[in-house]
Amino acid sequence: MNQITPQTALQDQFLRDFKRFENALNGSAKAETQVIREHALEVFKTLGFPTQRHEEWKYTSVQPLFKYEWKTYLPDDASDLTREDIAPLLFKKLQATILVVVNGVFKKELSMLLKQADGIITTGFKNAESENSELFKKHFAQHASFKNEAFTALSTAFAHDGAFVFVPNGKIAEHPIHIVNIIDSRAENRLTQPRNLIILGKNSQATIIETTHTLGENESFKNAVSEIFLDENAVLKMHIVQNDSDNSFAVNTTQVHQERTSNFTATTVSLGGGVIRNNMNALLNGEFCESNFNGLYVLKSREHVDNHTLADHAVPKCQSNELYKGILDDESTGVFNGKIMVRADAQKTNAFQSNRNILLSKNATINTKPQLEIYADDVKCSHGATTGQLDEEAMFYLRARGLGEEKARALLLHAFAADVLQKIDVAEVCEELLRLIDERLHIEDEVADVVNEAV
């Protein structure tokens, strides 16, 4: 007889609640996308939740999920958040199209849709499934494979709502698009599975900002998947800011498919969250693609952030760059597992990867594992990783020139983080991140002013 564990109990709950999900689809259960959902559920049933015996989850345990009771399916969340409630979560003075997603559900009444170029669509994932069905079906579950990924399979099975962005051929989104992903756990534990689908046509451009926030003291679990398709010569810049509570567990998967001469840049800044797992993957599927992954994690207390990246070079003459930096204090833990895959036909590949970390506490931990998997011989690939404390010689140099210890420490930490923050070309976002980092590092305002001017 199989023993029922908390892990299998939660898995069985998802399987039971899938029937409720099907019944709530209002006649679309036989649709093509529903067949995909059913297939994904069968995959999840086979895979189950990963354990630390799985190499890809060696340093991150999902056991915290099984300690709490979750409502695994909420068809239409009835959150009472108002625009006044979400105002503090927005960037001051930033003109942007704002898509608000609360507990996995797109909220049109809280969103603010600025006028963009003709043909640009910014709406909810659920709306796009019905109103832009052909475009939706062409890309849904076509880029983020769920065959070997349990959380992606779970997301695909319960894909219900989130954000949808489409920029047609030759169009440029004049204003940034800000996706505000909120988990409202004020009343009870919350489990959400927001799904984003972002499509850029040929010769199009856009900047997308995605921020995540947790409201309330109860536990939360977010399983988010973003599928991104870039057609020929498309350019997308993404700025991802994670600022969740210590009671949150999040799995964030971003899968990018790039066609010829497209350019993708993602900068992920993690400033808070109990356990965060970020999967950032790009398939460079056309010649002369460029993919750039940047990351900064500033951790304290017992926070845990696990960054997994994959730059998959499938064709020749492409380039990828990765720069991830971490500042870890108290008993926090960071993980970086970056993989560069160069397939046999991908000659003339240039791929570079760097992970650098500063430990501010003897109890802080970093596990770093850069990987190269190369099956071509005419390539330029490199990787590196460093871990240490603040440079004592640099501290001495600054102190000898009249800076106090606090100002010298702040200057070095800001300089360390600047390489990543400079990748963010939206001034309002960069300024807010500097403020939040100062707050997390306990840097006083007058010190921050001096340091920001110097950096």
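Leu-236 stands opposite Phe-264 in strand 12, and the 9 bridges between strand 10 and strand 12 (residues 263–272) join two strands that run parallel. Strands here are DSSP runs of E with at least two residues and helices are runs of H or I with at least four, both numbered from the N terminus, while two strands pair if DSSP finds at least two bridges between them. This is a predicted model, in which local features need pLDDT of at least 70, side-chain atom pairs count only at pLDDT 80 or more, and totals for chains, interfaces and linings use all residues. Residues are numbered from 1 along each chain as its sequence is written, and side-chain values use heavy atoms, with hydrogens and water left out.

| Strands | Sense | Bridges | Residues opposite each other |
|---|---|---|---|
| Strand 1 (97–102) and strand 2 | antiparallel | 2 bridges | Val-101 and Phe-106 |

These strands belong to an open sheet of 10 strands with mixed pairing, in the order 2-1-5-8-10-12-14-16-18-20. Its edges are strand 2 (105–106) and strand 20 (379–388), each of which pairs on one side only.

Two helices lie against the sheet. Helix 8 (residues 405–421) lies across strand 12, strand 14 (290–299), strand 16 (319–328) and strand 18 (349–359), and runs at about 150° to strand 16. Helix 9 (residues 427–440) touches strand 8, strand 10, strand 12 and strand 14, its direction making about 30° with that of strand 12. Contact means heavy atoms within 4.5 Å; axes are lines fitted to C-alpha atoms, for helices over the stretch in contact, and angles run from 0 to 180 degrees between N-to-C directions.

The largest pocket holds about 790 Å³ of space, a volume being the space filled by probe spheres set on grid points that are joined across faces, edges and corners. A pocket is an open set of points on a 1 Å grid over the protein atoms alone, where a 1.4 Å probe fits, with protein on both sides within 12 Å along at least five of seven lines, and lining residues have an atom within 4 Å of a point. Of the 31 lining residues, Glu-56, Asn-148, Glu-149, Asn-281 and Leu-310 are the closest to the centre of the largest pocket. Strand 13 gives the largest share of this lining, 5 residues.
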